[in-house]
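The entries below follow the order in which I looked things up.

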Amino acid sequence: MKADSHPTLAARARSWLRQALPALLLCATAAHAAAPALEAEFAAGLKEESLAGAVWSEVLPDGTVKVGASGLRDAAKHLPMQADTRVQVGSVGKVALALGVLRLVSEAKLTLDTPLQQVLPALALNNPWQASDPVRIRHLLAHTSGLDNVRFWQAFSMHPAPQTPLAAAFDGGRNLLRVRARPGSRYAYSNMGYGLLGMVIEKVTGQPYERYLDAQLLQPLGMADSTFAFVSQAGAQADPRLAMGHFEHGVAQPAVPQYLRPAAQFTTTAADMGKLAQFLMGDGKLQGKHFIDPALMGALSEPADTDAAQAGLATGHGLALAVRDRHNVVGACHPGTAVGFRAMLCLYPEQDSAFFVAFNTDAEAADYERFNRLLLRDLELPLRAPAPQGTPAPTVENWQGVYVPSPSPMASMAWVDAVFGFTRLKWDGESLFLIPFQGEPKELEPVGGLLFRASDRSTPSHVLLQEDGKHVLSDGLRSYERASMLRMLVLWGSLALGAAGLLYVLVVGVWRAALRSLERGDHLFAPLLAMLALLLPLPFFYFQSYLRLGDVTIASVLLVLVTGALPLATAFGLARCWRSRGTAAEAGSWAKWDWVALLAALQLLLVLAWWGLLPLRMWQL
């Protein structure tokens with residue numbers, strides 16, 4: 001991709017006018033400029049967190065909208081972020097798409113209980129509960145369909161074009177759309193689900209979902225600077241008002257088309273998001289007429305159907321937003337991540353207040369929550385007193401044990417989640433303790449029955465429940481199922497033995513090679529060679545874009561070959577051990593240790609193959 005040429009002075013002036021004029025008009029009409037103190041704190045925060053820039057809007061109780069901007073919209077060109085700069089908000093766009101679906105429901109063109117396969121009968125949906133619990137439209141909206149979140153090839157690919165048919169995202173065989181939890185029972189975030197909602201809109205309306213939503217949703221809402229269509233910073237769809245996306249160290253990345261675009265493709269401005277927030281906190285009327293049914297508006301952030309909600313937990317996801325307890329302020333929010341962007345939308349209907357913020361940097365180490373705190377403080381929202389402690393159920397101690405994510409966010413990563421994503425649940429007679437393998441322990445105070453509150457929350461945050469005889473822990477947005485200790489010990493033991501075996505092959509093999517005693521007939525020769533071959537794909541992955549991780553490339557093909565060769569080479573080494581057993585030459589040597597190490601390594605490699613992780617095919621994960 002060629003870099004843009006430097007504009008002339010006249011071109012700079014024209015560009016400045018195009019950028020500044022809308023902002024001036026905006027300030028003169030509906031929106032108010034952000035307070036200088038808030039802008040200064042944002043500027044300081046952006047610098048400390050190494051973020052390029054940010055835009056935000058605040059909805060005030062009197063109906064006004066304050067907008068603000070800080071930092072750079074293009075770090076390489078040193079162009080300042082402005083209040084009317086367009087940004088991409090990733091999954092925050094799901095909120096708007098959900099409104100589009102609810103508009104169809106309000107027009108009686110669809111119902112929340114319409115089975116998905118009634119609308120899309122050709123869909124290869126694998127639902128073991130189809131007879132009693134089909135996947136319905138409400139399940140897709142609320143992320144309770146039981147479908148997988150996303151596959152690597154759906155999220156990281158350079159193959160899709162802006163007009164690639166949405167069905168191409170689901171051309172992956174019957175197991176791609178396998179329902180892994182009874183529809184409606186558990187929340188499990190699913191980008192695939194919203195990709196399917198885009199297909200539902202197209203089927204019902206007979207037109208591309210982008211065209212329908214732009215005309216029938218965004219235009220009536222007055223969101224003239226927003227679109228579901230593909231917009232980028234370069235190429236045929238380039239928009240000079242769109243901020244450049246960035247990663248760590250200011251690395252720029254223009255937007256690219258994607259397979260699951262209904263789940264994450266949305267371009268907007270801070271002022272437009274203020275309009276959307278105002279509508280979301282209303283009664284569904286536009287110009288005095290019902291645009292969306294009031295009952296549906298009331299269900300936007302009401303988690304009503306999951307087992308956790310029925311057990312009394314109020315936090316969770318409704319038809320468009322999730323109830324979140326942040327810093328002792330309870331609201332309805334939705335986060336978003338796009339290529340080089342992060343965003344957050346939060347509503348506080350009781351106070352008629354809301355905020356939206358977007359950053360044109362996606363950095364793993366940055367503390368984005370600090371900016372949410374700034375906006376909450378600026379809105380002067382009242383803090384909620386923590387829920388008082390209550391008497392726990394006498395059966396609480398029965399829930400102690402080891403828990404694993406259920407369902408896993410990605411089915412292909414279930415082994416990883418089980419082995420490294422588990423958490424321990426311990427009851428000490430007064431409090432419940434969550435002790436994750438990765439992360440800080442968390443104390444949960446009882447608030448009555450099987451409901452508990454984390455010490456940093458004001459409302460009940462966790463619930464214990466039983467589903468089909470299984471012990472489950474849920475916070476409304478994640479569910480963990482108690483695992484058999486024997487099963488976990490087998491998994492951990494398999495990993496420990498396998499890692500030790502592979503380490504032995506590497507260390508002893510290299511040591512023998514250094515002593516020039518590693519010959520082709522050595523037990524470790526082939527396994528060591530296969531282990532060293534794992535390094536071959538690394539330079540190819542380094543020089544290719546991470547956006548191609550799910551594509552068939554030289555790097556990914558090499559990865560398949562070397563990860564497939566490792567268990568074969570290990571088995572070959574074991575066969576050599578078997579053939580040479582009992583020979584005089586082997587007496588008193590390392591043969592028995594070679595045998596044990598290779599056997600330990602092979603069992604782990606076979607376990608990974610059983611779980612679908614070997615050979616490692618990125619385009620199928």
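**Ground rules.** I am working from a predicted model, in which local features need pLDDT of at least 70 and side-chain atom pairs count only at pLDDT 80 or more, while totals for chains, interfaces and linings use all residues. Residues are numbered from 1 along each chain as its sequence is written, and side-chain values use heavy atoms, with hydrogens and water left out.

**Entry 1, S157.** I found S157 in the loop between helix 6 and helix 7; helices (H or I, at least four residues) and strands (E, at least two) are DSSP runs, numbered from the N terminus. Its relative accessible area is 5%, so S157 is buried, where buried means under 20%, exposed over 50% and partly exposed in between, with a 1.4 Å probe and protein chains only. I then asked which residues S157 is in contact with, leaving aside its neighbours within four places in sequence. They are P257, Y259, L547 and D551, contact meaning heavy atoms within 4.5 Å. With D551 there is a polar contact between the two side chains at 2.5 Å, and the S157 side chain also reaches the backbone nitrogen of H159 at 3.1 Å. A polar contact is a pair of N or O atoms within 3.5 Å; within protein, one must be able to donate a hydrogen and the other to accept it, and residues adjacent in sequence count only if both atoms are side-chain atoms.

I went on to S190, which lies in the loop between helix 6 (152-155) and helix 7 (191-205) and is buried, with a relative accessible area of 1%. A polar atom of its side chain lies 3.5 Å from the backbone nitrogen of M192. Apart from neighbours within four places in sequence, S190 is in contact with H143, L147, D148 and N149. One of these, D148, forms a salt bridge with R151, the closest N and O atoms being 3.2 Å apart, and both D148 and R151 are buried. A salt bridge is a side-chain nitrogen of Lys or Arg within 4 Å of a carboxyl oxygen of Asp or Glu.

How many salt bridges does a search of the whole structure find? The search gives 29. I looked at E467 and R186, whose side chains meet at 2.7 Å, N to O. E467 lies in strand 21 (residues 462-467) and R186 in the loop between helix 6 and helix 7, so the pair ties together parts that are 281 residues apart in sequence. Both E467 and R186 are buried, and salt bridges that share partners join R186, E467, K470 and E481 into one network. I also noted R370 and E48, with closest N and O atoms 2.9 Å apart; R370 lies in helix 13 (residues 369-379) and E48 in helix 2, so this pair ties together parts that are 322 residues apart in sequence. Here R370 is partly exposed at 21%, whereas E48 is exposed at 55%.

Is strand 15 (residues 353-359) mostly covered or mostly open? I find it mostly covered, with seven of its seven residues buried. S353, F355, V357 and F359 point one way, and A354, F356 and A358 the other way. Strands 14 and 15 form a hairpin with four residues between them, and D352 in the turn has a positive phi of about 50 degrees.

Most residues other than glycine have a negative phi, and most peptide bonds are trans. I noted a positive phi of about 60 degrees at S50, which is exposed at 56%, and one near 65 degrees at H249, exposed at 81%. A cis peptide bond joins S406 and P407, with omega about -5 degrees, and the bond from L614 to P615 is cis too, with omega near -10 degrees.

Technical notes: Two strands pair if DSSP finds at least two bridges between them.
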